[in-house]
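Please open the structure in your viewer and keep the selection tool at hand. The tour goes from one stop to the next, saying what to select and what is there.

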Amino acid sequence: MNPRRWMVLALPHWLHESSPGGGSAEAPAQDVVAMWCAAFSPDVFVLSSGVAIDGQSVARYWGGWAPLWGRVMQAWVQQWSVPLLRGHGATVWQALARLQQGLPHTSPVDALALEGLPGVAAHLPMWQSLGLETWGQLRALPRGAVARRWGKGVLSTLDQAYGEARHCLAPIVVPAQFNAQMACAQPVNTVAGLAGLMQALLHEAVAWLYARGQRALALVWTLHLDVPHTQAVQGRLSQQVFAVASAQASSDRGLWWRLVHEHMTRWELSAPVHAVSLRWAQTQLPSEEARGLWDGPKGQSLEAWLDRVKARWGGEHVGLASWRADHVPERMQAWSTDLPKGKQEGASQARGLYPPWLLREPLRLWVKADKPWYQGPLRLVLGPQRLDAMPWSATWSDAAPQAVRRDYFVAHSAHAGWLWIYRERAHAEHTHAQWFLQGVYG
Amino acid sequence: MPPLSINEHWPSGMVWRASDAGHAACTATQSSGHADLDAVLPGQGWPVGGLIEVLQQQPVGADWQLVGPALIARQQQALREGHARWAGSVILINPVHPPFTPTWNDAGLDASRLVWLHPPQPQACAWAAEQALQCADVVAVLAWLPHATATVLRRLQFMAAQSGCLLWVFRPGVCSSQASPAPLRLEVSVAASAIETPGLQVRVLKRRGLPWNATVFLPWLCSGLPQALQAQRQISARRRGATQEYRHEPTPLDGVGAAALVA
């Protein structure tokens, strides 16, 4: 029997209540760890104080025992930033006993302490008074006498521990769709109060993604509200739904939590919350264009950063340029909030004396003695450059709404520097010409 | 005890000698594209991974003219080397006016990799800049931070040092009296005699190495405006010359006319 067939994992605070890390929001729960381990083997079991993995059926797939367990530990370090204890054994109970006693897999089975056997705690004081301390000593006693004195359960556990009988544990099942719900201990009034619960749910969701080998594009939070039945009948909503989407498919826990955290600050609860549920809205298998081959672990991606900025400020504060063939400067470029999916075609190039900065709205200039003023009198240096633009549908008249008839000038003033201004020709025959500032050279 | 050698005990780049000050490249640099400016910058260029603080006397100083050549060169280099989808991205945070990207395209910058952010409140800019510096694809961050405190700048300097980005922070000229953690501080103003040729006056307030008190004059490189002004001047000079010729030298026709009159 291979002494490395089983591995039992545990966080320190599962074994000893006093160990640090118990209250940490980073530490995943036991069933979360079990679901995460299902990425490596279909035979994963939840024990009273640990998670057991049977590597028998998958060791060949992973290339041997050492690569299998090495891979698990490496993935653990990458995914969860909490320390982990482990024990190996030929059977699940041997692995658990070695985990609890902190022994390597080479330690002799007969020398394992009896405290490590499950379900025998009631007999330990008597065994201690009899001088029985190790598995080997108990096994050396006559079987009939042991069964009569301490019951058949002790014998069957001992047989399982030595691999002479099958264990009777049921492996966990990873569902095809992820949909988890957690109830609050008491109704929560603030979004900040939900953070711990939501983080625990997100841990579970990410572990599910990992076990299924998938990435997600969006997740949906459903907050179940504590609304009295009478009001619910009258049509008051009993739940609020919030969707969080990412531009790139990801299974990274940190990325999702940062994104959710940004969105959370904008949520407003309409009633106290008594339960929270979470599901992935859109998942996909990792595609070929997954990044990471060349980029290395240098930093976050541009998409992830933009998602966070948009979640915090709102989409209207982000601008990515796209272009149109037009002669009117303000219509040459448009600002969108999303990164373009494909390669942009026909990036517009402005040949000529266009400025690098364009005002959001042309600024009407003050006119004094028929000369435009902006922080002092402006001297017209170059121009006019004449612009006549008219939509195809419109007739040639000044009254057409989109008709643009302008004379552009480069102007200079000692204080404001080099400016790009224009005169509305529609009003040129009026007594006072209208001047506008549209661009700034700089 | 053997004599202590600095080179053995400290990794290169951590220590700079007073004799090398102003010349030696302490960190990686990117040529600014302006030869006169490169001559006064330590390492002959903008420091990569260091906060560059630009103090402007006018609200819109010549930002684009100052940084444009380096930005274009840096992006071209990233596009040649990088295979990532968004390699060579440039982030503009809170500029005074929105950029007019066709001009930037024309100058040689790929403006489809340009992100313009205009935050809801100016205090939020520093956060965005800090996060942008952590992006793998970003080559340069330009942030206009009129309200930045020394603490914010120190954080940005720290983040920039960890990234391989060029980081320019533009602030008003009145901040020149405040202490700053930036390794390079410049004061930029539009040249006073700029009506003939548009240009920039740059004064180095702080740099690694010996101080430099002179002012550098930089011409505009990323705009057709100087050439247009030059052409305009030539045309007007020719016209003026033509007028003078007409006035002072009698043309052959004059003689014909006079002869006709005499006849």
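Begin by selecting strand 2 (residues 44-47) and strand 3 (residues 50-54) of chain A, which pair in the antiparallel sense over four bridges. Here strands (E, at least two residues) and helices (H or I, at least four residues) are DSSP runs, numbered from the N terminus, and two strands pair if DSSP finds at least two bridges between them. Strand 2 and strand 3 of chain A form a hairpin with two residues between them, and within this pair A:Val44 stands opposite A:Ile53.

Before moving on, note that this is a predicted model, in which local features need pLDDT of at least 70 and side-chain atom pairs count only at pLDDT 80 or more, while totals for chains, interfaces and linings use all residues. Residues are numbered from 1 along each chain as its sequence is written, chains are lettered from A and ligands numbered from 1 in the order in which they are written, and side-chain values use heavy atoms, with hydrogens and water left out.

Next select A:Leu15, which is found in helix 1 (residues 12-15) of chain A. Leaving aside residues up to four places away in sequence, A:Leu15 touches A:Ala10, A:Ser49, A:Leu85, A:Leu99 and A:Gln100, where contact means heavy atoms within 4.5 Å.

Now turn to the open sheet of four strands in chain A, whose order is 5-8-6-7 with antiparallel pairing. Strand 5 (179-188) and strand 7 (239-250) of chain A are the edge strands, each pairing on one side only. Eight bridges link strand 6 (residues 215-225) of chain A to strand 7 of chain A, and the bridge partner of A:Trp221 in strand 7 is A:Phe242.

Finally, show both chains. Which residues of the two chains are in contact, and how many are there? There are 56 residues of chain A in contact with 57 residues of chain B. Eight residues, the largest share of the side of chain A that touches chain B, come from helix 13 of chain A, if you take that side element by element. Strand 9 of chain A is joined by three bridges to strand 5 (residues 114-117) of chain B, and the two run antiparallel, with A:Val318 opposite B:Leu117.
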